[in-house]
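Dear colleague,

I am passing on a structure that I would like you to look through alongside the notes below. Please open it first and then read on.

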Amino acid sequence: MKLNEMYIDIGAVSRDEALEYVSYGDSINFVSDFEAGSTSLKAKALDDRFGCYVLISLIKSDLPYDTDFVFTVQEEVGLRGSKTAAYNVNPDFALVIETTTAADIPEVDETKQVCNLSKGAVISVMDRRTVYDREMVKKAFECAERAGVKAQYKRAVAGGNDAGAIHQSRCGVRTLAILLACRYLHAPSCIVSKSDCESVLKLTAELANEIASGCLYER
């Protein structure tokens, strides 16, 4: 929808009544308060406040191995933060914790729905910037089963994230994105599933532990 096709209905019945409440050039903003329902959460900027939440939760946990945590900037304008961070850290493996568009709403044909809320963590095989490590994809689903959480494939080669810069850093980094399904991504009110949040958190911890054990070094 184009900007000139939008309007805000304030209930006025005439121009004069409207001007009693607003003036030319007034700015508006959405009310994007955080709300928690029985099974879902609504808030602005869950992309990628949720990713920060997962990393902070892992930092606070008692990890038995050394891990570098990176909070990047400027992903949306060229993956700039992840490019410099990956070069500096020089990791062997990288897990990118992100959100992704679900599109599981009635107006979207089922064949074009990217993933579904309440179906678990989303694992991407390929997007517009990255072809993900096949063994890490397989291991993610194994870890999800072992941790007792749901996981699903991202069913579209669409979008991208910081993995696009990370997996090409230096001589290459084995990379996987673990994603949270989100309706209305980048909108003032994002909707996510509580159970999916838990699935992503538990899967990330389980997979990180698996990587630290050295099993993925054996090809």
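**The surroundings of Q152**

Leaving aside residues up to four places away in sequence, Q152 touches C115, N116, K119, G120, A121, V122, I123 and F141, where contact means heavy atoms within 4.5 Å. Please bear in mind that this is a predicted model, in which local features need pLDDT of at least 70 and side-chain atom pairs count only at pLDDT 80 or more, whereas totals for chains, interfaces and linings use all residues. Residues are numbered from 1 along each chain as its sequence is written, and side-chain values use heavy atoms, with hydrogens and water left out.

Q152 itself sits in strand β5 (residues 151-153); strands here are DSSP runs of E with at least two residues, and helices are runs of H or I with at least four, both numbered from the N terminus. Q152 counts as buried because its relative accessibility is 8%, the classes being buried under 20% relative accessible area, exposed over 50% and partly exposed in between, with a 1.4 Å probe and protein chains only. A polar atom of the Q152 side chain lies 3.0 Å from the backbone oxygen of G120.

One of the residues touched by Q152 is A121, which is placed in strand β4 (residues 121-123) and is buried, with a relative accessible area of 0%. On the same terms for sequence neighbours, A121 touches K150, A151, Q152, I178, L179, S199, V200 and L203. Between the C-alpha atoms of A121 and F141, which are 20 residues apart along the chain, the separation is 9.6 Å.

**Charged pairs**

Side chains of opposite charge can pair when their charged atoms come close. The structure holds 8 salt bridges, each being a side-chain nitrogen of Lys or Arg within 4 Å of a carboxyl oxygen of Asp or Glu. One of them joins D133 to R174, with the closest N and O atoms 2.8 Å apart. Because D133 lies in the loop between β4 and α4 (134-147) while R174 belongs to strand β6 (residues 174-182), this pair ties together parts that are 41 residues apart in sequence. Both D133 and R174 are buried.

A network of salt bridges links K139, E142, R146, E206 and E210. Within it, the side chains of E142 and K139 meet at 3.2 Å, N to O; these two residues lie in helix α4, 3 residues apart, which is about one turn of the helix. E142 is partly exposed at 33% relative accessibility, whereas K139, at 16%, counts as buried. K139 also forms a salt bridge with E210, the closest N and O atoms being 3.5 Å apart. Since K139 is in helix α4 and E210 in helix α6 (residues 194-212), that pair ties together parts 71 residues apart in sequence. E210 is buried as well, with a relative accessible area of 15%.

**A nonpolar patch on the surface**

Finally, I8, I10, Y21, V22 and I28 form a nonpolar surface patch with about 540 Å² of accessible area together. Patches are made of residues with over 30% relative accessible area and no salt bridge, like charges being joined within 9 Å and nonpolar side chains (Val, Leu, Ile, Met, Phe, Trp, Tyr) within 5 Å, and the areas come from the Shrake-Rupley method with a 1.4 Å probe, only the protein chains shown counting as cover for residues. Of these residues, V22 is found in the loop between α1 (15-21) and β1 (35-36), and V22 is partly exposed, with a relative accessible area of 32%.

Key:
A polar contact is a pair of N or O atoms within 3.5 Å; within protein, one must be able to donate a hydrogen and the other to accept it, and residues adjacent in sequence count only if both atoms are side-chain atoms.
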